[in-house]
Amino acid sequence: MTTPTPNHIVATDGRLDLLNLDLRGCEALAQSLGCKAFHGRNLFKWVHKHGVDDFDAMTDLPKGLRTALPERAYIGQLDVAAELPSADGTIKWLLQLPEGQRVETVFIPEERRSTLCVSSQVGCALDCAFCATARQGFNRNLSAGEIVAQVRHAARRLGKPPSNIVLMGMGEPLANFDAVVRATDVMRDDLAYMLSKYRVTLSTSGIVPNIYRLAEVSDISLAVSLHAPDNALRDELVPINRKYPLEELIPACRAYLRGDSRRRITWEYVMLDGVNDSIAQAKALGRLLEGTPSKINLIPFNPFPDSGFETSPPERVAAFRERLLRSGLVATTRKTRGDEIAAACGQLTGRVQDRSRRVPAPAVVVPPPVALGRAVSPQL
Ligand code: SAH
(Lines give C-alpha, C1' and ligand atoms only; values in the text may rest on other atoms or scores of the structure.)
Protein backbone atom coordinates (compact mmCIF):
# COMPACT_ATOMS: atom_id res chain seq x y z
CA MET A 1 0.00 0.00 0.00
CA THR A 2 1.29 3.49 -0.69
CA THR A 3 1.55 6.31 1.78
CA PRO A 4 -1.68 8.26 2.20
CA THR A 5 -0.97 11.56 0.47
CA PRO A 6 -2.11 14.83 1.97
CA ASN A 7 -5.52 15.59 0.62
CA HIS A 8 -5.39 19.31 1.30
CA ILE A 9 -2.78 20.50 -1.15
CA VAL A 10 -5.73 21.52 -3.28
CA ALA A 11 -9.17 22.28 -1.93
CA THR A 12 -12.14 20.23 -3.12
CA ASP A 13 -12.94 23.09 -5.50
CA GLY A 14 -9.52 22.65 -7.15
CA ARG A 15 -7.92 25.76 -5.66
CA LEU A 16 -4.33 25.71 -4.52
CA ASP A 17 -3.18 26.26 -0.92
CA LEU A 18 -0.66 29.10 -1.24
CA LEU A 19 1.16 27.81 1.84
CA ASN A 20 2.29 24.84 -0.25
CA LEU A 21 4.28 27.12 -2.51
CA ASP A 22 7.84 28.19 -1.97
CA LEU A 23 9.11 31.47 -3.41
CA ARG A 24 9.58 30.05 -6.89
CA GLY A 25 6.12 28.51 -6.78
CA CYS A 26 4.59 31.90 -5.97
CA GLU A 27 6.57 33.51 -8.80
CA ALA A 28 5.34 30.85 -11.21
CA LEU A 29 1.76 31.32 -10.05
CA ALA A 30 1.92 35.08 -10.64
CA GLN A 31 3.35 34.48 -14.11
CA SER A 32 0.65 31.95 -14.92
CA LEU A 33 -1.85 34.70 -14.13
CA GLY A 34 -0.19 37.09 -16.58
CA CYS A 35 1.87 39.02 -14.05
CA LYS A 36 5.57 39.41 -13.39
CA ALA A 37 7.68 37.09 -11.21
CA PHE A 38 8.31 39.95 -8.75
CA HIS A 39 4.56 40.15 -8.12
CA GLY A 40 4.84 36.54 -6.95
CA ARG A 41 7.66 37.59 -4.63
CA ASN A 42 5.47 40.31 -3.19
CA LEU A 43 2.63 37.85 -2.75
CA PHE A 44 4.96 35.43 -0.91
CA LYS A 45 6.08 38.27 1.36
CA TRP A 46 2.52 39.35 2.14
CA VAL A 47 1.53 35.81 3.03
CA HIS A 48 4.51 34.93 5.22
CA LYS A 49 6.39 38.03 6.36
CA HIS A 50 3.32 40.18 6.89
CA GLY A 51 0.91 37.34 7.71
CA VAL A 52 -1.88 38.92 5.64
CA ASP A 53 -4.90 36.80 4.64
CA ASP A 54 -6.88 39.26 2.56
CA PHE A 55 -5.72 39.52 -1.07
CA ASP A 56 -7.27 42.99 -1.31
CA ALA A 57 -4.98 44.24 1.44
CA MET A 58 -1.90 43.28 -0.64
CA THR A 59 -1.64 46.78 -2.01
CA ASP A 60 1.38 46.41 -4.30
CA LEU A 61 -0.19 43.58 -6.32
CA PRO A 62 -1.90 44.61 -9.57
CA LYS A 63 -5.65 44.84 -9.22
CA GLY A 64 -6.09 42.07 -11.81
CA LEU A 65 -3.97 39.69 -9.79
CA ARG A 66 -5.84 40.48 -6.59
CA THR A 67 -9.10 39.62 -8.34
CA ALA A 68 -7.76 36.49 -10.04
CA LEU A 69 -6.04 35.01 -6.99
CA PRO A 70 -9.07 33.95 -4.96
CA GLU A 71 -10.33 31.92 -7.92
CA ARG A 72 -7.05 30.00 -8.17
CA ALA A 73 -5.74 29.91 -4.64
CA TYR A 74 -6.45 30.24 -0.95
CA ILE A 75 -4.33 30.61 2.17
CA GLY A 76 -4.64 27.45 4.27
CA GLN A 77 -5.74 27.90 7.86
CA LEU A 78 -5.53 25.46 10.71
CA ASP A 79 -8.28 26.10 13.24
CA VAL A 80 -7.05 26.47 16.79
CA ALA A 81 -9.02 23.84 18.71
CA ALA A 82 -7.21 24.82 21.92
CA GLU A 83 -4.42 27.06 23.14
CA LEU A 84 -2.85 25.70 26.31
CA PRO A 85 -0.45 28.02 28.13
CA SER A 86 1.87 26.53 30.74
CA ALA A 87 3.16 28.30 33.87
CA ASP A 88 6.71 28.27 32.44
CA GLY A 89 5.61 30.24 29.35
CA THR A 90 5.36 27.24 27.03
CA ILE A 91 2.27 27.30 24.82
CA LYS A 92 0.76 24.26 23.17
CA TRP A 93 -1.65 24.67 20.28
CA LEU A 94 -3.97 21.90 19.25
CA LEU A 95 -4.53 22.61 15.59
CA GLN A 96 -7.46 21.14 13.76
CA LEU A 97 -7.12 19.78 10.24
CA PRO A 98 -10.01 20.06 7.78
CA GLU A 99 -11.11 16.46 8.31
CA GLY A 100 -11.25 16.89 12.10
CA GLN A 101 -7.98 15.33 13.14
CA ARG A 102 -5.59 17.38 15.26
CA VAL A 103 -1.87 17.96 15.42
CA GLU A 104 0.09 19.74 18.09
CA THR A 105 2.57 22.61 17.91
CA VAL A 106 4.55 23.80 20.92
CA PHE A 107 6.17 27.20 21.51
CA ILE A 108 9.00 27.26 24.05
CA PRO A 109 10.27 30.72 25.07
CA GLU A 110 13.70 31.06 26.65
CA GLU A 111 15.67 34.05 27.86
CA ARG A 112 17.40 34.96 24.64
CA ARG A 113 15.64 32.79 22.09
CA SER A 114 12.45 30.93 21.39
CA THR A 115 11.81 27.57 19.81
CA LEU A 116 8.79 26.33 17.91
CA CYS A 117 8.32 22.56 17.79
CA VAL A 118 6.26 21.58 14.75
CA SER A 119 4.56 18.36 13.65
CA SER A 120 5.17 16.69 10.29
CA GLN A 121 2.61 13.85 10.30
CA VAL A 122 -0.76 12.99 11.83
CA GLY A 123 0.48 10.37 14.27
CA CYS A 124 3.57 8.30 13.59
CA ALA A 125 4.18 4.86 12.10
CA LEU A 126 7.50 4.17 13.77
CA ASP A 127 6.39 2.67 17.06
CA CYS A 128 9.20 3.80 19.36
CA ALA A 129 8.59 2.06 22.66
CA PHE A 130 8.65 5.14 24.93
CA CYS A 131 6.75 7.68 22.78
CA ALA A 132 3.13 8.71 23.29
CA THR A 133 2.70 9.80 19.66
CA ALA A 134 3.52 6.24 18.57
CA ARG A 135 0.57 4.96 20.59
CA GLN A 136 -1.79 7.04 18.45
CA GLY A 137 -0.88 5.11 15.32
CA PHE A 138 -0.50 6.81 11.97
CA ASN A 139 -3.01 8.45 9.67
CA ARG A 140 -1.36 10.62 7.04
CA ASN A 141 1.41 12.98 6.10
CA LEU A 142 0.92 16.70 6.55
CA SER A 143 1.26 18.77 3.39
CA ALA A 144 4.06 21.35 3.21
CA GLY A 145 1.34 23.98 3.65
CA GLU A 146 0.06 22.35 6.82
CA ILE A 147 3.59 22.34 8.25
CA VAL A 148 4.17 25.97 7.25
CA ALA A 149 0.72 26.89 8.64
CA GLN A 150 1.95 25.94 12.12
CA VAL A 151 4.83 28.41 11.82
CA ARG A 152 2.62 31.09 10.30
CA HIS A 153 0.09 30.65 13.08
CA ALA A 154 2.75 31.06 15.78
CA ALA A 155 4.36 34.07 14.07
CA ARG A 156 1.00 35.82 13.80
CA ARG A 157 -0.12 34.93 17.30
CA LEU A 158 3.17 36.02 18.88
CA GLY A 159 3.84 39.02 16.65
CA LYS A 160 7.14 37.67 15.30
CA PRO A 161 8.59 34.38 14.08
CA PRO A 162 10.32 32.12 16.61
CA SER A 163 14.13 32.31 16.57
CA ASN A 164 14.44 28.51 16.17
CA ILE A 165 12.28 25.79 14.69
CA VAL A 166 12.62 22.11 15.45
CA LEU A 167 10.82 19.35 13.56
CA MET A 168 10.36 17.41 16.77
CA GLY A 169 6.60 17.34 17.09
CA MET A 170 4.30 14.52 15.98
CA GLY A 171 5.60 12.32 13.19
CA GLU A 172 8.80 11.24 11.50
CA PRO A 173 9.89 14.12 9.23
CA LEU A 174 12.06 11.99 6.96
CA ALA A 175 9.06 9.77 6.22
CA ASN A 176 7.36 12.85 4.74
CA PHE A 177 10.38 13.96 2.79
CA ASP A 178 9.17 16.26 0.00
CA ALA A 179 6.70 18.22 2.12
CA VAL A 180 9.22 18.66 4.93
CA VAL A 181 11.96 19.89 2.60
CA ARG A 182 9.57 22.35 0.94
CA ALA A 183 8.33 23.60 4.31
CA THR A 184 11.86 24.09 5.68
CA ASP A 185 12.79 26.04 2.53
CA VAL A 186 9.94 28.44 3.33
CA MET A 187 11.03 28.67 6.99
CA ARG A 188 14.50 29.68 5.83
CA ASP A 189 13.50 32.16 3.13
CA ASP A 190 14.46 35.79 3.82
CA LEU A 191 11.11 36.90 2.47
CA ALA A 192 9.30 34.59 4.89
CA TYR A 193 10.59 33.50 8.34
CA MET A 194 14.31 34.20 7.79
CA LEU A 195 15.79 31.33 9.79
CA SER A 196 19.40 30.27 9.19
CA LYS A 197 20.41 26.65 8.59
CA TYR A 198 21.61 26.50 12.19
CA ARG A 199 18.18 27.46 13.48
CA VAL A 200 16.06 24.89 11.68
CA THR A 201 16.61 21.39 13.05
CA LEU A 202 15.10 18.20 11.71
CA SER A 203 14.94 15.32 14.16
CA THR A 204 14.82 11.79 12.79
CA SER A 205 14.69 8.34 14.29
CA GLY A 206 17.21 7.36 11.61
CA ILE A 207 15.80 6.69 8.13
CA VAL A 208 19.24 6.29 6.62
CA PRO A 209 18.54 6.60 2.85
CA ASN A 210 16.65 9.82 3.48
CA ILE A 211 19.53 11.28 5.49
CA TYR A 212 21.63 10.95 2.34
CA ARG A 213 18.80 12.40 0.23
CA LEU A 214 18.47 15.33 2.62
CA ALA A 215 22.17 16.11 2.27
CA GLU A 216 21.61 16.52 -1.47
CA VAL A 217 18.87 19.12 -1.19
CA SER A 218 19.25 20.87 2.15
CA ASP A 219 21.73 21.91 4.82
CA ILE A 220 19.45 22.35 7.82
CA SER A 221 20.68 20.99 11.14
CA LEU A 222 20.22 17.34 11.97
CA ALA A 223 19.21 15.73 15.26
CA VAL A 224 18.97 11.97 15.60
CA SER A 225 17.01 10.02 18.19
CA LEU A 226 19.68 7.60 19.36
CA HIS A 227 18.52 6.41 22.80
CA ALA A 228 20.82 3.38 22.97
CA PRO A 229 24.56 2.75 22.48
CA ASP A 230 24.15 -0.68 20.84
CA ASN A 231 21.92 -2.40 18.28
CA ALA A 232 20.41 -4.94 20.68
CA LEU A 233 18.83 -2.26 22.87
CA ARG A 234 18.11 0.19 20.05
CA ASP A 235 16.26 -2.56 18.14
CA GLU A 236 13.82 -2.65 21.04
CA LEU A 237 13.50 1.05 21.77
CA VAL A 238 13.57 2.44 18.22
CA PRO A 239 12.39 -0.42 15.98
CA ILE A 240 13.51 1.29 12.74
CA ASN A 241 17.01 0.31 13.93
CA ARG A 242 16.31 -3.25 12.75
CA LYS A 243 16.15 -1.91 9.24
CA TYR A 244 18.88 0.73 9.54
CA PRO A 245 21.32 -0.36 12.28
CA LEU A 246 23.95 1.82 13.93
CA GLU A 247 26.73 0.78 11.55
CA GLU A 248 24.69 2.37 8.73
CA LEU A 249 23.23 5.26 10.73
CA ILE A 250 26.46 6.71 12.11
CA PRO A 251 28.27 6.95 8.72
CA ALA A 252 25.15 8.55 7.17
CA CYS A 253 25.15 11.20 9.88
CA ARG A 254 28.87 11.80 9.52
CA ALA A 255 28.40 12.20 5.76
CA TYR A 256 25.60 14.70 6.40
CA LEU A 257 28.08 17.07 8.06
CA ARG A 258 30.07 17.22 4.81
CA GLY A 259 33.29 17.90 6.64
CA ASP A 260 32.06 21.33 7.81
CA SER A 261 33.93 21.84 11.08
CA ARG A 262 31.29 24.26 12.39
CA ARG A 263 28.60 21.61 12.30
CA ARG A 264 27.76 18.62 14.46
CA ILE A 265 25.01 16.10 14.93
CA THR A 266 22.72 16.46 17.93
CA TRP A 267 21.97 13.05 19.42
CA GLU A 268 18.82 12.79 21.48
CA TYR A 269 18.99 10.27 24.28
CA VAL A 270 15.93 9.75 26.46
CA MET A 271 16.95 8.67 29.97
CA LEU A 272 15.00 5.55 30.94
CA ASP A 273 15.45 4.24 34.46
CA GLY A 274 17.42 0.97 34.46
CA VAL A 275 17.17 0.59 30.68
CA ASN A 276 19.81 2.79 29.03
CA ASP A 277 21.26 4.93 31.83
CA SER A 278 24.20 2.92 33.26
CA ILE A 279 27.81 4.11 33.35
CA ALA A 280 28.79 1.18 31.11
CA GLN A 281 26.26 2.43 28.55
CA ALA A 282 27.67 5.97 28.80
CA LYS A 283 31.12 4.57 28.07
CA ALA A 284 29.78 2.59 25.11
CA LEU A 285 28.13 5.75 23.81
CA GLY A 286 31.46 7.55 23.99
CA ARG A 287 33.07 4.80 21.91
CA LEU A 288 30.19 4.75 19.40
CA LEU A 289 30.41 8.47 18.71
CA GLU A 290 34.19 8.73 18.64
CA GLY A 291 35.22 10.66 15.55
CA THR A 292 31.74 12.08 14.85
CA PRO A 293 31.31 15.78 15.73
CA SER A 294 28.51 15.43 18.25
CA LYS A 295 26.39 17.02 20.89
CA ILE A 296 24.37 14.73 23.11
CA ASN A 297 21.09 15.97 24.44
CA LEU A 298 19.96 13.90 27.41
CA ILE A 299 16.17 14.03 27.71
CA PRO A 300 14.63 13.01 31.02
CA PHE A 301 11.85 10.58 30.06
CA ASN A 302 8.47 12.29 30.12
CA PRO A 303 5.96 9.83 31.47
CA PHE A 304 2.53 9.09 30.04
CA PRO A 305 -0.08 6.54 31.15
CA ASP A 306 0.90 2.87 30.75
CA SER A 307 4.25 3.67 29.17
CA GLY A 308 5.98 0.94 31.17
CA PHE A 309 9.03 3.19 31.71
CA GLU A 310 10.27 5.36 34.55
CA THR A 311 12.37 8.51 34.43
CA SER A 312 16.01 8.07 35.48
CA PRO A 313 16.69 9.79 38.81
CA PRO A 314 18.46 13.17 38.39
CA GLU A 315 21.68 11.91 40.01
CA ARG A 316 21.89 9.07 37.47
CA VAL A 317 21.38 11.55 34.61
CA ALA A 318 24.14 13.74 36.10
CA ALA A 319 26.54 10.77 36.45
CA PHE A 320 25.78 9.62 32.90
CA ARG A 321 26.50 13.12 31.62
CA GLU A 322 29.76 13.33 33.61
CA ARG A 323 30.93 10.08 32.02
CA LEU A 324 30.15 11.44 28.53
CA LEU A 325 32.10 14.62 29.28
CA ARG A 326 35.06 12.48 30.35
CA SER A 327 34.95 10.85 26.90
CA GLY A 328 35.36 14.35 25.45
CA LEU A 329 31.74 14.64 24.29
CA VAL A 330 29.55 17.72 24.55
CA ALA A 331 26.49 16.73 26.56
CA THR A 332 23.57 18.76 27.89
CA THR A 333 20.45 17.81 29.78
CA ARG A 334 17.23 19.04 28.20
CA LYS A 335 15.10 21.00 30.58
CA THR A 336 11.60 19.59 30.61
CA ARG A 337 9.15 22.28 29.58
CA GLY A 338 5.39 22.35 29.54
CA ASP A 339 4.87 18.89 31.00
CA GLU A 340 1.75 19.92 32.92
CA ILE A 341 0.05 20.61 29.58
CA ALA A 342 1.49 17.40 28.07
CA ALA A 343 3.65 19.47 25.75
CA ALA A 344 6.99 17.85 26.59
CA CYS A 345 9.00 15.57 24.28
CA GLY A 346 7.11 12.43 23.38
CA GLN A 347 3.85 13.60 24.97
CA LEU A 348 2.18 15.02 21.85
CA THR A 349 -0.84 13.00 20.88
CA GLY A 350 -3.21 15.31 18.99
CA ARG A 351 -6.20 13.46 17.66
CA VAL A 352 -5.40 10.73 15.19
CA GLN A 353 -7.71 8.38 13.37
CA ASP A 354 -5.32 5.45 13.29
CA ARG A 355 -5.09 3.73 9.92
CA SER A 356 -2.25 1.46 10.90
CA ARG A 357 -4.52 -0.62 13.15
CA ARG A 358 -1.85 -0.85 15.77
CA VAL A 359 -2.54 -3.13 18.69
CA PRO A 360 -1.97 -1.43 22.06
CA ALA A 361 1.70 -1.72 22.96
CA PRO A 362 2.58 -4.00 25.87
CA ALA A 363 3.78 -2.37 29.07
CA VAL A 364 7.19 -4.05 28.96
CA VAL A 365 9.69 -3.66 26.17
CA VAL A 366 9.08 -6.62 23.93
CA PRO A 367 9.91 -6.18 20.25
CA PRO A 368 6.69 -6.40 18.25
CA PRO A 369 6.75 -9.36 15.85
CA VAL A 370 6.50 -7.31 12.66
CA ALA A 371 7.55 -3.82 13.55
CA LEU A 372 8.82 -3.02 10.08
CA GLY A 373 7.27 -3.19 6.67
CA ARG A 374 3.82 -2.75 8.14
CA ALA A 375 1.03 -2.25 5.65
CA VAL A 376 0.78 1.47 6.27
CA SER A 377 4.35 2.59 6.56
CA PRO A 378 5.46 5.79 4.90
CA GLN A 379 8.49 5.75 2.57
CA LEU A 380 10.81 3.94 4.95
N1 SAH B 1 10.22 11.14 14.90
C2 SAH B 1 11.31 12.09 15.08
C3 SAH B 1 10.79 13.41 15.59
C4 SAH B 1 10.26 13.38 17.01
S5 SAH B 1 11.34 14.30 17.99
C6 SAH B 1 12.36 11.49 15.96
O7 SAH B 1 12.17 10.38 16.45
O8 SAH B 1 13.43 12.07 16.11
C9 SAH B 1 10.80 13.98 19.58
C10 SAH B 1 11.96 13.53 20.46
O11 SAH B 1 11.42 13.20 21.75
C12 SAH B 1 12.61 12.30 19.92
O13 SAH B 1 13.98 12.28 20.21
C14 SAH B 1 11.92 11.22 20.73
O15 SAH B 1 12.64 10.03 20.75
C16 SAH B 1 11.80 11.89 22.09
N17 SAH B 1 10.77 11.28 22.93
C18 SAH B 1 9.75 10.50 22.54
N19 SAH B 1 9.02 10.12 23.60
C20 SAH B 1 9.59 10.69 24.68
C21 SAH B 1 9.25 10.70 26.06
N22 SAH B 1 8.18 10.07 26.52
N23 SAH B 1 10.05 11.39 26.89
C24 SAH B 1 11.11 12.08 26.41
N25 SAH B 1 11.47 12.13 25.11
C26 SAH B 1 10.71 11.43 24.25
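How do the axes of helix α7 and helix α9 cross, and within what distance do they come?

**Entry 1: basis.** I worked from a predicted model, in which local features need pLDDT of at least 70 and side-chain atom pairs count only at pLDDT 80 or more, while totals for chains, interfaces and linings use all residues. Residues are numbered from 1 along each chain as its sequence is written, and side-chain values use heavy atoms, with hydrogens and water left out.

**Entry 2: helix pair.** I looked up α7 (residues 208–217) and α9 (residues 246–256); their axes come within 9 Å and cross at roughly 5°. The axes are lines fitted to C-alpha atoms over the stretch in contact, with angles from 0 to 180 degrees between N-to-C directions. The helices are DSSP runs (H or I, at least four residues; strands are E, at least two), numbered from the N terminus. The crossing makes α7 roughly parallel to α9 (angles under 35 degrees).

I then listed the contact (heavy atoms within 4.5 Å): V208, I211, Y212, L214 and A215 of α7 meet E248, L249, P251, A252, C253, A255 and Y256 of α9. These residues divide into 11 nonpolar, no polar and 1 charged. I counted Ala, Val, Leu, Ile, Met, Phe, Trp, Tyr, Cys and Pro as nonpolar, Asp, Glu, Lys and Arg as charged, and the others, Gly among them, as polar.

**Entry 3: ligand.** I found 21 residues surrounding the ligand (a heavy atom within 4 Å); the closest are F130, S203, S225, H227 and N302. A backbone N or O atom of N302 lies 2.8 Å from a ligand nitrogen atom (polar contact: N or O atoms within 3.5 Å). The shell has 10 nonpolar, 9 polar and 2 charged residues.

Note on methods:
Angles under 35 degrees count as roughly parallel, over 145 as roughly antiparallel, 65 to 115 as roughly perpendicular and the rest as oblique. A polar contact is a pair of N or O atoms within 3.5 Å; within protein, one must be able to donate a hydrogen and the other to accept it, and residues adjacent in sequence count only if both atoms are side-chain atoms.
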